Amino acid sequence: MKQMVNKKYDKRRALFCKLIKKSDTHDGYYKYLVTIGEKDGTIHKQPVYGRDMQSALNRLINKELTYKVEKKF
């Protein structure tokens, strides 16, 4: 795998997504490990569940947007 270089991005982006395993408790769901590049150049990894990779990324985005709204109230 290529070495990830910290660089600043114009917006947040998913750099890498890896399928980890099938969910033990919910049929049809999988666990993914998503590597996220932030605007300031930092990179972190976060586990996400979804029926496929696209639904996992959508769940991650919705969860973070909900957290931002809750934080403001």
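Is Arg59 buried, partly exposed or exposed, and with what relative accessible area? Arg59 is partly exposed, with a relative accessible area of 44%, where buried means under 20%, exposed over 50% and partly exposed in between, computed with a 1.4 Å probe on protein chains only. The legends below describe a predicted model, in which local features need pLDDT of at least 70 and side-chain atom pairs count only at pLDDT 80 or more, while totals for chains, interfaces and linings use all residues. Residues are numbered from 1 along each chain as its sequence is written, and side-chain values use heavy atoms, with hydrogens and water left out.

**View 1. The protein chain follows the pattern β-β-β-α along its sequence.** Its secondary structure comes to one helix and three strands, these being DSSP runs numbered from the N terminus, with helices (H or I) of at least four residues and strands (E) of at least two. Of the 73 residues in the chain, 22% count as buried. Among contacts (heavy atoms within 4.5 Å) between residues at least 6 apart in sequence, 30% join residues at least 24 apart.

**View 2. Arg59 is found in helix 1.** Leaving aside neighbours within four places in sequence, Arg59 is in contact with Tyr29, Tyr49 and Gly50. Arg59 and Val48 are 11 residues apart in sequence, and their C-alpha atoms are 7.6 Å apart in space.

**View 3. Seven residues make up the largest nonpolar core.** Its members are Cys17, Tyr32, Val34, Ile36, Val48, Ala56 and Leu60, a nonpolar core being a set of buried Ala, Val, Leu, Ile, Met, Phe, Trp, Tyr and Cys residues joined through side-chain atoms within 4.5 Å. Strand 2 and helix 1 are the elements that give two or more residues to this core, and the largest share, three residues, comes from strand 2. In soluble globular proteins, nonpolar side chains tend to be buried together. Not counting residues up to four places away in sequence, Val34 touches Ala14, Phe16, Cys17, His44, Lys45, Gln46, Val48, Leu57 and Leu60.

**View 4. Ser23 lies in the loop between strand 1 and strand 2.** This serine is buried, with a relative accessible area of 15%. A polar atom of the Ser23 side chain lies 3.4 Å from the backbone nitrogen of Thr25, and the side chain of Ser23 also reaches the backbone nitrogen of His26, at 3.2 Å. With residues up to four places away in sequence not counted, Ser23 touches Tyr29, Tyr30 and Tyr49.

**View 5. Glu38 is found in the loop between strand 2 and strand 3 (43–50).** Glu38 is buried, with a relative accessible area of 17%. The side chains of Glu38 and Arg12 are joined by a polar contact of 2.8 Å, that is, a pair of N or O atoms within 3.5 Å of which, within protein, one must be able to donate a hydrogen and the other to accept it, with residues adjacent in sequence counting only if both atoms are side-chain atoms.

**View 6. The largest pocket holds about 280 Å³ of space.** Of the 12 residues that line this pocket, the closest to its centre are Arg12, Arg13, Ile36, Ile61 and Glu64. A pocket is an open set of points on a 1 Å grid over the protein atoms alone, where a 1.4 Å probe fits, with protein on both sides within 12 Å along at least five of seven lines, and lining residues have an atom within 4 Å of a point. The largest share of the lining, six residues, comes from helix 1.

Notes:
Points joined across faces, edges and corners; volume = space filled by probe spheres on them.
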